[in-house]
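Student: I have a structure open and want to learn how to read it. Can we go through some features one by one?

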Amino acid sequence: EGMVDIVGTNSINKRVATSLLPVSKSGVVLLFAKNAIYKSFQESRSTIIMDSKNYKFSKYFVYDKLDQIQKYNKLTFGKSSIDSLIISGNDFEIGKYLHYYQPFLNEDSNVFLVRNGLGIDFISTIHRLFIKKETPLPKFYHATTNHLIEKTAESDYSYKHVGIGNIKLSR
């Protein structure tokens with residue numbers, strides 16, 4: 001089992017991160033979209049509260065600090081590639097993140113594209129970045145969810161799982 005990198009700070013990603021943290025042997029890395037969010041997370045003592053339980057994260061970066069991520073991966077795992085990458089967001093965000101992380105992905109990487117709904121417009125991005133350029137093609141998974149996660153008034157990083165739903169996964 002390898003490291004799981006999660007891009008973005010929406011509520012679904014936070015639910016996935018807090019679910020994976022206790023069971024992941026290699027750990028979970030959070031990749032924030034903006035430096036201000038990264039700093040705010042540091043100020044929250046690197047903790048996400050989900051359903052009144054605290055989850056402390058020790059590994060997190062701003063998503064576009066590729067040199068820091070590469071250095072961390074090489075020091076920790078002896079390689080710069082990403083084992084599993086989870087991206088949740090709209091088509092523009094998914095395309096942007098795939099572009100940034102393409103150098104870290106290879107045929108052994110798993111990429112999970114999580115959507116709240118059935119949109120698959122990011123297929124053209126996958127074609128342009130990986131197939132057209134004949135670069136190593138990771139294993140792509142499309143996940144849709146109908147879970148409902150609400151932010152609580154407790155803090156900027158406090159959430160409650162209020163709508164138990166399903167995550168459907170396809171390859």
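Student: Let me start with one residue. In which strand does S88 lie?

Tutor: Keep in mind that this is a predicted model. S88 lies in strand β6, which covers residues 84-88.

Student: Is S88 buried or exposed?

Tutor: Look at the relative accessible area. Buried means under 20%. S88 has 8% relative accessibility, so it counts as buried.

Student: Which residues does S88 touch, leaving out those up to four places away in sequence?

Tutor: S88 touches V7, N10, I12, N13, E93 and V114. The side chain of S88 reaches the backbone oxygen of V114 at 3.5 Å.

Student: Now charged pairs. How many salt bridges does a search of the whole structure find?

Tutor: For a salt bridge, look for a side-chain nitrogen of Lys or Arg within 4 Å of a carboxyl oxygen of Asp or Glu. The search finds two. In one of them, the side chains of R15 and D51 meet, with N to O at 3.2 Å. This pair links distant parts of the chain, 36 residues apart. R15 sits in helix α1 (residues 11-20), and D51 sits in the loop between β3 (47-50) and β4 (53-56).

Student: With which residue does K79 form a salt bridge?

Tutor: With D83. The closest N and O atoms of K79 and D83 are 2.6 Å apart.

Student: How accessible are the residues of these pairs?

Tutor: Take them in turn. R15 is partly exposed at 23%. D51 is partly exposed at 36%. K79 is partly exposed too, at 32%. D83 has a relative accessible area of 19% and is buried.

Student: Next, a helix. What should the 12 residues of α3 span?

Tutor: Count 1.5 Å a residue. Helix α3 (residues 66-77) should then span 16 Å. Its end C-alpha atoms are 16 Å apart, which agrees.

Student: Which residues of α3 are buried?

Tutor: I69, Y72 and N73 are buried in α3. Their arc around the axis is only 100°, so they lie on the same side of α3.

Student: What covers the buried residues of α3?

Tutor: The cover includes β2 (28-32), β5 (60-62) and α4 (91-101).

Student: Which exposed residues does the face turned away from the buried side of α3 carry?

Tutor: That face carries D67, K71 and L75.

Student: And what follows α3?

Tutor: G78 follows α3. Check its backbone angle: phi is positive at G78, near 75°.

Conventions. Residues are numbered from 1 along each chain as its sequence is written. This is a predicted model: local features need pLDDT of at least 70, side-chain atom pairs count only at pLDDT 80 or more; totals for chains, interfaces and linings use all residues. Side-chain values use heavy atoms; hydrogens and water are left out. Helices (H or I, at least four residues) and strands (E, at least two) are DSSP runs, numbered from the N terminus. Buried means under 20% relative accessible area, exposed over 50%, partly exposed in between (1.4 Å probe, protein chains only). The expected span of a helix is 1.5 Å times one less than its number of residues. The arc is that of the directions from the helix axis to the C-beta atoms. Contact means heavy atoms within 4.5 Å. A polar contact is a pair of N or O atoms within 3.5 Å; within protein, one must be able to donate a hydrogen and the other to accept it, and residues adjacent in sequence count only if both atoms are side-chain atoms.
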